[in-house]
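Reader: I would like to go through the strands and helices of this structure with you. Could we begin once the coordinates are displayed?

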Amino acid sequence: MHDPIPTTTLPDGRRVPVLGQGTWRMGDAPSRKNDEVKSLQLGLDLGMTLIDTAEMYGNGASERIVGEAVSGRRDEAFIVSKVLPSNASRTGTEAACERSLKHLGIDQIDLYLLHWRGGYPLAETVAAFEALKKAGKIGAWGVSNFDVDDMEELLAVPDGKNVAVNQVLYNLSRRGIEFDLLPWCQKRGIAIMAYSPLDEGRLLRHPDLIHIAKAHQATPSQIALAFLKTRPGVISIPKTGSADRARENRDAMDIHLTAEDLGDLDRAFPPPKRKRSLEMI
């Protein structure tokens with residue numbers, strides 16, 4: 001029997017699992033489509049109901065795969081998508097959202113993010129998000145790849161305080177946000193969504209992580225995900241197109257790291273002692 005996947009609460013009161021599913025690069029190879037759809041469906045079965053995608057991923061191909069995966073079971077899924085900064089004008093955001101809804105085959109995106117900062121004023125993008133929310137096209141909105149100064153600027157624009165999530169690069173080997181951005185968001189009840197929580201696989205070869213994993217009869221990826229589970233308000237979105245990896249990710253939520261484990265991880269992956277520029281992939 002699995003432990004239930006812990007949840008975190010968004011500002012609007014909705015609870016989402018702290019382990020979801022990413023889809024970056026899904027849809028890039030048509031030959032993998034069936035496996036990718038099945039992996040997402042298995043993830044839903046296992047309780048990883050948050051699925052993250054974006055209009056940029058495969059120029060809509062990833063969104064179409066998500067749409068196929070949730071067909072007939074839309075109510076089980078919490079779907080996140082993103083608008084490109086080049087489309088983030090008032091009218092451009094609304095048009096991009098309509099395209100994403102069509103790709104996904106749904107009536108509402110649960111959480112809609114600005115993928116990163118671009119040339120359009122934040123106030124214009126936020127106005128579009130609020131209009132989409134009022135129209136029922138999205139449930140909530142957020143941002144991605146925003147550092148503290150970006151977040152402070154965002155909160156200063158009309159309705160900017162309605163931001164629900166900031167999706168950023170965060171994993172054991174990239175802990176810079178722990179110095180300032182993570183506590184800043186935690187204090188304000190803004191969830192952090194950690195993309196590339198396994199550092200695109202690079203973490204899995206780290207000898208100290210391998211050693212800790214063996215002590216738990218687990219895999220390095222499971223320890224990396226279990227570490228993020230210990231951070232309040234953090235949601236991990238590992239991507240996999242494999243059913244076996246989906247099960248492996250889910251099993252990570254059954255691992256409970258001790259204070260000794262966390263100390264070992266701090267020694268192997270030291271937390272930041274000063275401000276670092278926000279990292280991106």
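**Sheet and helix packing**

Author: Strand β5 is largely enclosed by the rest of the structure, because 6 of its 6 residues are buried. Please bear in mind that this is a predicted model.

Reader: Which strand does β5 pair with over 4 bridges, and in what sense?

Author: That strand is β4; β4 and β5 (residues 109-114) run parallel and are joined by 4 bridges. In β5, L114 is the bridge partner of V83, and L111 stands opposite V80.

Reader: What packs on the sheet there, and at what angle to β5?

Author: Helix α3 does, touching β4, β5 and β6. The direction of α3 makes about 135 degrees with that of β5.

Reader: How many strands form the sheet, and in what order?

Author: The open sheet is formed by 7 strands, in the order β3-β4-β5-β6-β7-β8-β9, and the pairing is parallel. Its edge strands are β3 and β9 (234-236), each of which pairs on one side only. On average, neighbouring strands of this sheet are turned by 30 degrees against each other, direction ignored.

Reader: Let us turn to β7. How many of its residues are buried?

Author: Strand β7 (residues 165-169) is mostly covered, with 5 of its 5 residues buried. Both faces are covered: V165, Q167 and L169 lie on one side, N166 and V168 on the other, and all are buried.

Reader: And over how many bridges do β6 and β7 pair?

Author: Strand β6 (residues 138-144) pairs with β7 over 2 bridges, in the parallel sense.

Reader: Now the helices. How are two packed helices described in general?

Author: One gives the angle between their axes and the distance between those axes. For helix α1 (residues 33-45) and helix α2 (residues 61-70), the angle is about 50 degrees and the axes are 9 Å apart. The two helices α1 and α2 are therefore oblique to each other.

Reader: Is the crossing of α1 and α2 left-handed or right-handed?

Author: The crossing of α1 and α2 is right-handed.

Reader: Which residues make that contact?

Author: From α1 the contact involves K33, E36, V37, L40, Q41 and L44, and from α2 it involves I65, V66, E68, A69 and V70. By class, the contact of α1 with α2 has 7 nonpolar, 1 polar and 3 charged residues.

Reader: Is α2 mostly covered or mostly uncovered?

Author: Helix α2 is mostly covered, as 8 of its 10 residues are buried. The buried residues of α2 are A61, S62, E63, I65, V66, G67, A69 and V70.

Reader: What covers those buried residues?

Author: The cover over the buried residues of α2 includes α1, β3 (50-52), β4 (78-83) and α3 (90-104).

Reader: Which residue with a positive phi follows α2?

Author: Helix α2 is followed by G72, which has a positive phi near 85 degrees.

Reader: A change of topic: where is N249 placed?

Author: N249 is in helix α9 (residues 243-251).

Reader: Why is N249 counted as buried?

Author: Its relative accessible area is 5%, and buried means under 20%; N249 is therefore counted as buried.

Reader: Which residues does N249 touch, leaving aside those up to four places away in sequence?

Author: With residues up to four places away in sequence not counted, N249 touches L19, M48, L225, P238 and T240.

Definitions and conventions. Residues numbered from 1 in each chain as written. Predicted model: local features only at pLDDT ≥ 70, side-chain atom pairs only at ≥ 80, totals over all residues. Heavy atoms only, no water. Axes fitted to C-alpha atoms, helices over the stretch in contact; angles between N-to-C directions. Parallel < 35°, antiparallel > 145°, perpendicular 65-115°, else oblique. Left-handed = near helix turned anticlockwise from the far one by under 90°. Contact = heavy atoms within 4.5 Å. Nonpolar A, V, L, I, M, F, W, Y, C, P; charged D, E, K, R; others polar. Buried < 20%, exposed > 50% of the residue type's maximum accessible area, 1.4 Å probe, protein only. Pairing = 2+ DSSP bridges.
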